Each structure stands twice: as C-alpha cells, then as structure tokens.
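Reader: Could you put the model up? I'd like to go through the strands, the core and the ligands.

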Amino acid sequence: MRLSKKVAAISNECVACGACEKVCPLGAISIFRGLYALVDRNKCIGCGKCQKVCPASVISIIDREEQNEKKEILV
Ligand code: SF4
Ligand code: SF4
C-alpha cells in the first residue's frame, strides 16, 4: 500500500477532547488512555478533517518525511 505524502501531526498540547477521533474517516486517531490523541500514520491520508475540528488547534498536516524527523511529536 502506498502511503500518502501528507500526514497529521498532533502536538502535546492536545486536550484529549476526542473531536478528531470522531471525524477521521479512516479511524486513524485514537485517544490514548484518555490523555492525548494518537495518529496511526499507516492509516492517515492527510485529509485534514481532524485539523478543521480541533478546538485547540494542535493538529498540523505536514509532509510525511518531515514527520519522520519530528519523532518527539510523533504518535
Ligand atoms: S488527516 Fe484525515 S486521515 Fe489523517 S488523522 Fe486526520 S482526519 Fe484522519
Ligand atoms: S481534536 Fe485536538 S484537542 Fe481534541 S483530541 Fe484531537 S488533537 Fe486533541
């Protein structure tokens, strides 16, 4: 399977509201232990729907290669 060029990245300021998890059409987001959102990068296609609904504006849609270099915000 070919991975998308773009992928969602979520900063550690996530407030675990769950809005992104609900809206993701691919089920690529889960809320880890009620603490913060995790993105499954193998499922995410970088569509940006999660970014639009995040009340805390902590989701970015970035190049997958850039994400690979930012392991600290990786999920
Ligand atoms: S960018 Fe799209 S596919 Fe990726 S986590 Fe957000 S809603 Fe899901
Ligand atoms: S919508 Fe934003 S604040 Fe809410 S869980 Fe997702 S990333 Fe965190």
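**Strands, core and ligands**

Author: This is a predicted model. Strand 1 and strand 4 (residues 59-63) run antiparallel and are joined by five bridges.

Reader: Which residue in strand 4 is the bridge partner of isoleucine 10?

Author: Isoleucine 10 has isoleucine 59 as its bridge partner there.

Reader: And strand 1, why is it largely enclosed?

Author: Four of its five residues are buried, so the rest of the structure largely encloses strand 1.

Reader: OK, the core. How many residues in the largest nonpolar one, and which have the most contacts inside it?

Author: The largest nonpolar core holds 14 residues. Ala8, Ile10, Cys20, Ile29, Ala37, Val39 and Cys50 have the most contacts inside it.

Reader: Which elements give two or more residues to this core?

Author: Those are strand 1 (6-10) and strand 3 (36-39). Strand 1 gives the most, with four residues.

Reader: Back to cysteine 50. What is it in contact with, leaving aside neighbours within four places in sequence?

Author: Cysteine 50 is in contact with Ala8, Cys20, Val23, Cys24, Ile29 and Ile59.

Reader: Now ligand 2. Which residues come nearest?

Author: Cys14, Cys17, Ala19, Cys20 and Cys54, out of 14 residues around ligand 2. By class, that shell has 13 nonpolar residues, one polar and no charged ones.

Note on methods. Residues numbered from 1 in each chain as written. Chains lettered and ligands numbered in written order. Predicted model: local features only at pLDDT ≥ 70, side-chain atom pairs only at ≥ 80, totals over all residues. Near = placed C-beta within 6 Å. Nonpolar A, V, L, I, M, F, W, Y, C, P; charged D, E, K, R; others polar. Core = buried A, V, L, I, M, F, W, Y, C linked by C-beta atoms within 7 Å. Buried ≥ 20, exposed ≤ 12 C-beta atoms within 10 Å, placed from the backbone. Contact = placed C-beta atoms within 7 Å. Pairing = 2+ DSSP bridges.
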